[in-house]
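Hi everyone, thanks for coming. Today I'd like to walk you through one protein chain and how its parts meet.

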Amino acid sequence: MSTPYDLSVVRSTNSPIYVTHDNTQLLRQLLTGFNSKRCMFIVDEQVAALHPWLSELLQAVFSDVVYAVVPSGETSKTVQEWTRLVDIALTNTLRRGTPVIAAGGGVTGDLAGFVASSVLRGLPLIHIPTTLLAMVDSSIGGKTGINHATGKNLIGAFYQPALVYADTRFLDTLPRKEWNCGLGEVLKYACIQDPSVFALLENTTLRENHQDMVYLVERCMKIKADMVMQDELENGVRAYLNFGHTFAHALEAHTRYRRFAHGEAVYVGLAAALWFASRLGAPVDPDRILGFRAAFNLQTRDLIPAIPSLVAAMYSDKKIRTGNLRLVLLNDWGEPVVQDVEDTRMVEQAWNFALENVHS
Ligand SMILES: NC(=O)c1ccc[n+]([C@@H]2O[C@H](COP(=O)([O-])OP(=O)(O)OC[C@H]3O[C@@H](n4cnc5c(N)ncnc54)[C@H](O)[C@@H]3O)[C@@H](O)[C@H]2O)c1
């Protein structure tokens with residue numbers, strides 16, 4: 001076991017967030033602080049297989065661990081899986097203070113979070129995010145939920161975790177495609193808040209350097225936590241987190257959620273939104289984003305003829321409140337702005353730029 005490197009705490013809406021590398025001693029101490037003999041442990045199946053140390057640690061801290069493994073993938077964010085977990089919780093007679101520990105990516109976190117929010121009107125929730133995306137995005141902000149046949153994340157609740165423990169040790173086993181899912185969001189933070197994150201990402205040995213990884217994850221978690229703190233229920237600045245996402249959602253919907261992972265679609269969306277912002281006069285060069293295209297290795301040029309359909313899909317995005325297309329753009333790096341867009345021709349050109357240039 002390697003030595004723990006760094007330890008940082010971020011306070012976000014009473015949810016302490018710890019970012020560290022391989023600090024089991026700290027995790028043990030934090031869990032002991034819940035003063036409970038029991039816990040419910042909801043874990044992604046891959047994480048259970050690749051990181052058995054976590055289950056062993058929980059068994060050392062709690063005398064009774066109610067264990068539930070969640071099958072990997074988005075198909076677990078269903079009413080059926082939520083019911084199965086609620087059944088496990090209630091048949092094991094969990095009590096009000098029993099912590100629910102969610103270990104996995106955004107799927108496990110969203111699902112287990114919704115279980116924690118609904119059983120006995122709320123049990124303490126502990127997030128142990130294990131993907132880059134879950135660390136920098138889904139474990140922060142209190143959004144929990146599952147999908148419905150009519151759309152993604154339509155059933156759920158805002159429910160803040162009692163603790164987030166992000167250990168970059170988990171990232172050592174993360175496949176490249178899953179890494180890219182997080183990378184799309186990390187690049188978004190670089191655009192909307194802190195362009196110095198680009199330099200961290202351009203370091204080719206990032207994934208081998210634990211200290212740099214901890215710093216990167218911590219920086220991104222702080223950016224999201226700050227925005228959530230300012231706007232917990234998503235009426236204001238939290239909208240900035242949608243930078244690139246109106247394009248991304250359209251791309252995902254048009255390709256029926258099969259061809260691109262969300263983070264890959266976000267990457268295309270960032271290129272389109274940056275082009276748009278630069279066209280409106282912002283001093284931002286979309287090439288900064290294009291430097292990462294080899295990592296994403298996307299094939300997109302065949303979608304150029306589909307641009308009118310992609311634009312139409314943007315207008316049907318659920319976040320559009322008026323008849324106008326409302327996009328998050330930039331006035332400069334780190335200066336997001338929400339703007340109504342009337343020039344559909346320019347939206348098409350933005351798509352054209354992105355689909356032409358992110359292509360590897
Ligand atoms: N709540 C929010 O605010 C929020 C924000 C963004 C995304 N989301 C949700 O997050 C979900 C996507 O999350 P995700 O990208 O983490 O996907 P995921 O949870 O499906 O995990 C991706 C894959 O990685 C595997 N995995 C997880 N940890 C691993 C590890 N350490 N090593 C090896 N494999 C590992 C999983 O088994 C899975 O196959 C979506 O459902 C999305 O809606 C929620």
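I'll start with the model itself, then move on to its domains and the interface.

This is a predicted model, where local features need pLDDT of at least 70 and side-chain atom pairs count only at pLDDT 80 or more, while totals for chains, interfaces and linings use all residues. Residues are numbered from 1 along each chain as its sequence is written, and side-chain values use heavy atoms, with hydrogens and water left out.

The domain assignment, which is automatic or from a database, gives domain 1 (7–229) and domain 2 (243–357). Their C-alpha centres lie 28 Å apart. Counting contact as heavy atoms within 4.5 Å, domain 1 brings 18 residues and domain 2 brings 23.

How much area is buried between domain 1 and domain 2? About 1,800 Å², with 68% from carbon and sulfur atoms. Buried area here is the accessible area (1.4 Å probe) that two parts lose on being put together, summed over both. On the domain 1 side, Cys191, Ile192 and Phe198 supply 27% of the area buried against domain 2, more than any other three residues.

Now, the charges. A salt bridge needs a side-chain nitrogen of Lys or Arg within 4 Å of a carboxyl oxygen of Asp or Glu, and the rule finds 2 across this interface.

Which elements give two or more residues to the side of domain 1 that touches domain 2? They are α7 (176–192) and α8 (196–202), helices being DSSP runs of H or I with at least four residues, numbered from the N terminus along with strands (E, at least two). α7 gives the most, with 11 residues.
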